[in-house]
Amino acid sequence: MRPPFASPLLRDAVLVAGIAGVLAFPFVGLLLTTQGTAPTLSARFPEFAGAVVLIFFGRLGISAARRGHILFPIVLGVVMATVGAFSLLFETTGMAADSAAPWHAFVPGTFLATVASAGGVAIAVVAGRNHLLRDSVPVARKPLPMKQLLLWTGVALAGVAIVLPLLPAVDRRLIDVATLVLTYVMLGWGLNIVVGLAGLLDLGYVAFYAVGAYSYALLSVTFGWSFWVCLPLAGALAALFGILLGFPVLRLRGDYLAIVTLGFGEMIRIILLNWYDFTNGPDGISNIGRPSFFGFQFAAKPAEGTESFHTLFGIAYDPVHRLIFLYYLILALALLTNAFTLRIRRLPVGRAWEALREDEIACRSLGVNPRNTKLSAFAIGAMFAGFAGSFFATRQGFVSPESFTFIESAILVAIVVLGGMGSQIGVAVAAIILVGLPEYFRELQEYRMLAFGMGMVLIMLWRPGGLLTHREPTIRTRSQPASA
Amino acid sequence: MTPLLKVSGVRTFYGAIEALRGVDIEVAEGEIVTLIGSNGAGKSTLLMTICGNPQARAGEIRFADRDITRFRTWDIVRLGIAQTPEGRRIFPRMTVLENLQMGAVANPDADFDDGVRRAFELFPVLGQRRNQSGGTLSGGEQQMLAIARALISRPKLLLLDEPSLGLAPRLARQIFAVLREINQSSGTTIFLVEQNAYHALRLCHRGYVLANGMVTLEGTGGELLENPAVQAAYLGGTGQ
Ligand SMILES: Nc1ncnc2c1ncn2[C@@H]1O[C@H](COP(=O)(O)OP(=O)(O)OP(=O)(O)O)[C@@H](O)[C@H]1O
Ligand SMILES: [Mg+2]
């Protein structure tokens with residue numbers, strides 16, 4: 001029996017189109033252009049309306065097809081495809097120039113026209129297939145294996161990240177933004193160990209980032225040691241700070257821990273600000289050693305008797321080489337963090353972190369030492385922040401307390417929580433959304449933070465548990481026990 | 001022979017409240033000993049005190065001829081005492097197998113695969129649900145998981161706090177049968193707290209009655225079952 005065509009479909013489509021309208025308005029409906037020096041906003045009403053109408057019909061068709069309607073979605077799909085195709089034809093052949101064709105108003109732009117025609121065909125095909133399958137016995141569809149899906153998403157993301165700087169369309173600005181995003185991904189993964197796995201709400205994570213950055217800066221400026229020597233030292237110092245700070249506070253729980261760590265984060269920043277003799281106070285430390293390609297500098301004119309990167313490879317000097325090298329450096333550091341986390345989850349200490357987050361009393365009664373276990377999570381998380389900090393210092397060539405304010409900690413906690421508390425891919429996606437996208441809205445200035453806040457609210461509304469809540473078990477099915 | 005566990009004159013406080021007021025209990029190797037008592041008598045407190053959380057303020061706890069009164073919980077557990085605390089307390093987001101892995105913390109030398117095989121023999125339903133997360137198990141299954149998890153470390157002494165809590169009568173009987181089986185096949189000593197006094201006293205070799213933080217009665221399971229005071233207070237209408 002075919003369910004009667006019902007108004008829930010309409011209501012659903014209106015709702016979805018409404019949401020799309022709200023979302024599309026700033027992105028599609030407004031166009032920011034620069035005339036002379038003053039940026040001006042202009043409305044793009046046809047595109048905006050076209051997008052919303054398209055989404056309305058598309059949603060109507062999709063849900064009708066899903067509910068087993070046949071005739072209606074086929075007709076709708078065919079109409080959509082036809083309108084889209086015609087519009088595309090006019091658009092590309094230039095006949096649209098006179099704008100006389102009425103359908104042009106409905107499907108403006110090649111992009112929307114393409115979506116309309118492809119979507120229409122898809123809806124019609126799905127509905128048609130439903131018709132053919134109508135009398136066959138329904139087969140339980142296998143749920144998408146989450147593990148596979150996540151694995152391939154991860155591999156795809158890593159693949160994109162690896163080839164990104166080599167793509168021809170990629171410019172300095174994109175590499176810069178990508179490097180920034182990767183720094184946050186790495187920090188997010190580091191904090192994920194503390195917050196996501198061990199369940200310790202640390203609002204002062206930026207302190208360890210600062211310790212790493214200043215350790216690197218001071219070691220490099222004072223002793224002239226190279227990046228590769230200072231990196232492990234900075235990580236070790238940050239871990240040491242993690243233990244020192246963690247020792248007194250880790251007996252606190254939940255809210256109290258959060259407040260105290262917040263205080264510690266600010267304390268570190270204020271010490272950096274006021275200990276003028278050691279840290280140079282608000283002026284910061286400059287002339288920090290830039291990273292070298294295993295001893296070969298990225299310099300246009302290498303110092304007497306040394307070779308630099310471009311002469312080593314016999315290529316022309318290009319400042320972008322250093323940017324690309326920095327990009328790969330942070331990518332490698334981030335992937336190292338990820339590999340470490342994935343591995344340690346399978347080891348007893350990582351498992352104890354997760355168990356401790358779930359139930360501390362049970363952990364005690366099973367022989368887990370909660371203090372040491374929490375300290376280890378805190379220290380290891382801090383160590384990765386230290387690595388990221390030294391990367392930050394070498395990339396900027398300059399550090400000052402201003403870079404380590406509470407807002408950084410807050411953004412990182414947001415990335416971990418919105419990413420799904422413990423999901424590695426979730427953290428990466430959240431970092432891209434929360435850090436990468438706002439970078440592209442730099443022109444909007446203060447409104448950028450508004451976009452950030454709106455992104456957070458939307459994620460909370462739609463995915464209250466975080467983007468990815470799936471938790472991959474660390475141990476898989478063993479063979480059935482050989483029972484008689 | 002000295003008992004495996006000897007609790008003498010133990011007093012435990014929560015702040016100013018004295019929850020245990022000089023408790024003496026002995027559990028010999030290979031025994032099943034039951035502790036019954038009304039709500040708030042201090043039964044759970046006694047089990048927790050044996051594990052050092054909270055620590056006794058006075059008295060002595062000896063396990064396997066060692067004074068463990070001042071040991072930390074994790075060190076006590078490593079000596080071979082496993083505990084399933086009150087209220088199951090399995091790890092809800094972790095799978096059955098991962099929960100069992102956590103049981104191995106106290107004794108990393110125990111053969112984990114063998115332990116899992118044994119657990120699934122005792123509780124076949126856990127074997128079917130091995131990759132399911134603990135929080136999605138039924139209450140009874142969670143109770144089984146808590147017991148199985150405690151057994152992974154192959155403890156000498158198993159402390160159980162109300163293993164039949166919230167279980168249907170048939171499932172409760174099944175749990176008691178499994179406890180007897182564990183005790184007989186591997187010689188594990190069991191000290192259990194129960195509200196289900198009738199079944200617990202039938203299962204055990206000896207039993208204690210705790211009231212207001214003090215032991216008021218002790219004897220074999222049979223003796224306590226016959227005792228009019230016990231019948232009046234704890235067996236009113238149960239079973240018989
Ligand atoms: N953490 C605590 N802080 C303060 N008082 C406590 C605490 N835990 C238990 N008590 C008190 O100690 C006494 C003994 O509690 P306990 O949990 O040992 O009782 P019980 O015999 O296990 O009872 P039930 O059968 O209800 O589980 C009670 O009066 C209780 O209120
Ligand atoms: Mg109790």
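About 60 Å³ of space lies in the largest cavity of this predicted model, a cavity being a set of points on a 1 Å grid over the protein atoms alone where a 1.4 Å probe fits but cannot get out. Volumes are the space filled by probe spheres set on the points, with grid points joined across faces, edges and corners. In the whole structure, the search finds 6 cavities of 30 Å³ or more. The lining of the largest cavity, meaning residues with an atom within 4 Å of a point, includes Ser365(A) and Leu366(A) together with chain B residues, among them Val77(B), Ile81(B), Gln83(B) and Arg149(B). Strand E6 of chain B gives the largest share of this lining, 3 residues, and helix H6 (139-151) of chain B also supplies at least two. Helices (H or I, at least four residues) and strands (E, at least two) are DSSP runs, numbered from the N terminus. By residue class, the lining of the largest cavity holds 6 nonpolar, 4 polar and 1 charged; Ala, Val, Leu, Ile, Met, Phe, Trp, Tyr, Cys and Pro count as nonpolar, Asp, Glu, Lys and Arg as charged, and the others, Gly among them, as polar.

Residues are numbered from 1 along each chain as its sequence is written, while chains are lettered from A and ligands numbered from 1 in the order in which they are written. In this predicted model local features need pLDDT of at least 70 and side-chain atom pairs count only at pLDDT 80 or more, whereas totals for chains, interfaces and linings use all residues; side-chain values use heavy atoms, with hydrogens and water left out.

Turning to open space, the largest pocket has a volume of about 1200 Å³, a pocket being an open set with protein on both sides within 12 Å along at least five of seven lines. Its lining numbers 47 residues, and the closest to its centre are Gly154(A), Leu157(A), Trp189(A), Ile425(A) and Ala428(A). Helix H6 of chain A contributes the largest share of that lining, 9 residues. The pocket lining comprises 29 nonpolar, 10 polar and 8 charged residues.

In chain B, Ile50(B) lies in helix H1 (residues 43-50). Ile50(B) counts as buried because its relative accessibility is 1%, where buried means under 20% relative accessible area, exposed over 50% and partly exposed in between (1.4 Å probe, protein chains only). Beyond its neighbours within four places in sequence, Ile50(B) is in contact with residues including Leu5(B), Ile81(B), Leu159(B) and Phe191(B), contact meaning heavy atoms within 4.5 Å.

With 38% relative accessibility, Glu86(B) counts as partly exposed.

A cis peptide bond joins Asn53(B) and Pro54(B), with omega about 10°. In chain A, Asn280(A) has a positive phi of about 65° although it is not a glycine.
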